[in-house]
Amino acid sequence: MELQELRYFIQIAKDKNYTKAAAHLYVSQPALSRSMKKLENEFQVPLFDVRPGGVFLTDYGQLLFDHSVRLISEFNSLKNIVQDVQSFQFGNLNIGVTPMINTLFLEQIVTNFKQMFPDIKLNVIERGNNLLRQQLSDGVLDLVLCIADEPHSALDEQPLFENEMVVCLSESHHLAKNTTISFKELKEEAFNFYTVASTLYGRIQTQCKKYGFAPKPNFTSSNVDSVIRFTANGSGVCIFTRLYAETMQVQGLRLIPLQEPLLWVPCLLKNKTVYQSEASKRFAAYVCDFFSHYQDAEHT
């Protein structure tokens, strides 16, 4: 027995005529008759009493009709519930974010999003890039805002925008008057690093190795601001995204482009192997829209 057969059955009972029911249902009368014969065979009782004045329900048919009307009504209600969930603005989300993206953008993103969807609850977790990716893969987080990295088969990575990495150093540094700096020129410099667990640390190590040297560590901190301020005070160099370094507005800090471009690419990560709730889809769509407008503003 299928829902379609029950719908056919109900329409025949209402119209008391196979021809009229077939017209209402946009099916042929023979197909309708076959469906009803199949239904009667399945229940092993007669459902209709066909007379010259029309098609009437038997006692068995009346019993099935009463139950079928309720069943179809409940099924239609179920579809409406699903549509309501899709349109209703509620849910709970665990959002992972890296420290720099958190500092630069998250307050504005969360504030605007909550104004649009006040009943969607957001729980923001700040972690390093690698840990966030692992927690997303494990299902602990719903979405992650982090830095583009090596592709992962289970993760969908949506780039949001690009920003250049620059060498940060003190105005008194001997390279401070350069218009650009190559990695080879940094071979003898002392490096101040953001935590060794970060993707940024790994990328700097890889670039230095590409140019034939291992960077000399000078100072390492899990606090980005501390690394940049320490550098501005005259000890060592560091490499960060221009956007973040300029936002800090640290006195005495020089920002010099790299001759070998190195990009900082924030992205939105989803786990392709798990169900994406409507709340998750709404937040993801808003984030993409937010950064689309951000890029437009940057280029005007």
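**Cavity**

For my own record, the search runs on a 1 Å grid over the protein atoms alone: a cavity is a set of points where a 1.4 Å probe fits but cannot get out, a pocket is an open set with protein on both sides within 12 Å along at least five of seven lines, and lining residues have an atom within 4 Å of a point. Grid points are joined across faces, edges and corners, and a volume is the space filled by probe spheres set on the points.

Before going on, I noted that this is a predicted model, where local features need pLDDT of at least 70 and side-chain atom pairs count only at pLDDT 80 or more, while totals for chains, interfaces and linings use all residues. Residues are numbered from 1 along each chain as its sequence is written, and side-chain values use heavy atoms, with hydrogens and water left out.

The largest cavity comes out at about 40 Å³. I listed its lining as Asn192, Phe193, Tyr194, Ser198, Leu200, Tyr201, Ile204, Cys238, Ile239 and Phe240. Strand E8 (190-194), H7 and strand E10 (238-241) are the elements that give two or more residues to that lining. Helices (H or I, at least four residues) and strands (E, at least two) are DSSP runs, numbered from the N terminus.

What is the class make-up of the lining of the largest cavity? I get eight nonpolar, two polar and no charged residues. The classes are: Ala, Val, Leu, Ile, Met, Phe, Trp, Tyr, Cys and Pro nonpolar; Asp, Glu, Lys and Arg charged; the others, Gly among them, polar.

Next I looked up the largest pocket, which holds about 180 Å³ of space. It is lined by 15 residues, and Met100, Ile147, Tyr194, Ser198 and Thr199 are the closest to its centre. Helix H5 (99-116) and helix H7 (199-210) each supply at least two lining residues, and H7 gives the most, with three. By class I have eight nonpolar, six polar and one charged.

**Leu200**

The cut-offs are under 20% relative accessible area for buried, over 50% for exposed and partly exposed in between (1.4 Å probe, protein chains only). Leaving aside neighbours within four places in sequence, Leu200 is in contact (heavy atoms within 4.5 Å) with Met100, Met165, Ile239 and Phe240.

**Sheet**

Then the sheet: five strands, open, in the order E4-E3-E5-E13-E6, with mixed pairing. Two strands pair if DSSP finds at least two bridges between them. Why do E4 (120-126) and E6 (155-159) count as edges? Each has a single partner strand, so one side of each is left without a neighbour in the sheet. Neighbouring strands are turned by 25° against each other on average, direction ignored.

Strand E3 (residues 91-97) runs parallel to strand E5 (residues 143-147), with three bridges, and parallel to E4, with seven bridges. Ile95 stands opposite Leu143 in E5 and opposite Val124 in E4. Five of the seven residues of E3 are buried, so the strand is largely enclosed by the rest of the structure.

H5 packs on this sheet, touching E3, E4, E5 and strand E13 (266-271), and its direction makes about 175° with that of E4. Helix H6 (residues 129-137) also packs on the sheet, touching E3, E4, E5, E6 and E13, at about 155° to the direction of E5. Axes are lines fitted to C-alpha atoms, for helices over the stretch in contact, and angles run from 0 to 180 degrees between N-to-C directions.

In H6 I picked out Gln135. It is buried, with a relative accessible area of 17%, and touches Arg127, Val140 and Leu141, not counting residues up to four places away in sequence.

**Backbone check**

Lys16, not a glycine, has a positive phi of about 55°. It lies in the loop between H1 and helix H2 (18-25) and is partly exposed at 39%. Gln249 also has a positive phi of about 55° without being a glycine. It sits in the loop between helix H9 (242-248) and strand E11 (253-257) and is exposed at 69%.
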